[in-house]
Amino acid sequence: MPDNTQKNPKDWVSGEDPMTGAQESYLKTLAEQAHKPDPTEQDLTKAEASELIDQLRQQAGLRK
């Protein structure tokens, strides 16, 4: 049975809104841990920031 408790960020009603301050702060931290450039210099949406957080968490060796 599929888990419908998590929506794809692209399906969020507010997914096209700008990323939140919390997302921006967490992205900076994760980018440092993953030894990647700071992604917050881009204008990211909430959905894009969420997807990037998931990618950087994997690259930094963190679990969901």
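User: What makes a residue count as buried, and which residues of helix 1 are buried?

Analyst: Buried means a relative accessible area under 20%. In this predicted model, the residues of helix 1 that count as buried are Gln23, Leu27, Leu30 and Ala31.

User: What covers the buried residues of helix 1?

Analyst: The cover includes helix 2, residues 46-59.

User: Why is Glu24 called partly exposed?

Analyst: Its relative accessible area is 31%. Buried would require a value under 20% and exposed a value over 50%, with partly exposed in between; Glu24, at 31%, is therefore partly exposed. Glu24 sits in helix 1, which runs over residues 21-33. Leaving out residues up to four places away in sequence, Glu24 touches Met19 and Thr40. Between the C-alpha atoms of Glu24 and Ile53 there are 9.5 Å in space, while 29 residues separate the two in sequence.

User: How do you know whether the span of helix 1 agrees with its number of residues?

Analyst: Helix 1 has 13 residues, and at 1.5 Å a residue these should span 18 Å. The C-alpha atoms at its ends are 19 Å apart, which agrees.

User: Why is His35 called exposed?

Analyst: The cut-off for exposed is over 50%. His35 has 72% relative accessibility, so it counts as exposed. His35 belongs to the loop between helix 1 and helix 2.

User: What phi does His35 take?

Analyst: Just after helix 1, His35 takes a positive phi of about 60 degrees, although this residue is not a glycine.

User: What makes up the largest nonpolar core?

Analyst: A nonpolar core is a set of buried nonpolar residues joined through side-chain atoms within 4.5 Å. The largest one has ten residues: Met19, Leu27, Leu30, Ala31, Ala34, Leu44, Ala49, Leu52, Ile53 and Leu56. At least two residues of this core come from each of helix 1 and helix 2. Helix 2 gives the largest share, four residues. In soluble globular proteins, nonpolar side chains tend to be buried together.

User: Which residues is Ala49 in contact with?

Analyst: Apart from neighbours within four places in sequence, Ala49 is in contact with Met19, Gln23, Leu27 and Leu44.

Note on methods
Residues are numbered from 1 along each chain as its sequence is written. This is a predicted model: local features need pLDDT of at least 70, side-chain atom pairs count only at pLDDT 80 or more; totals for chains, interfaces and linings use all residues. Side-chain values use heavy atoms; hydrogens and water are left out. Buried means under 20% relative accessible area, exposed over 50%, partly exposed in between (1.4 Å probe, protein chains only). Contact means heavy atoms within 4.5 Å. The expected span of a helix is 1.5 Å times one less than its number of residues.
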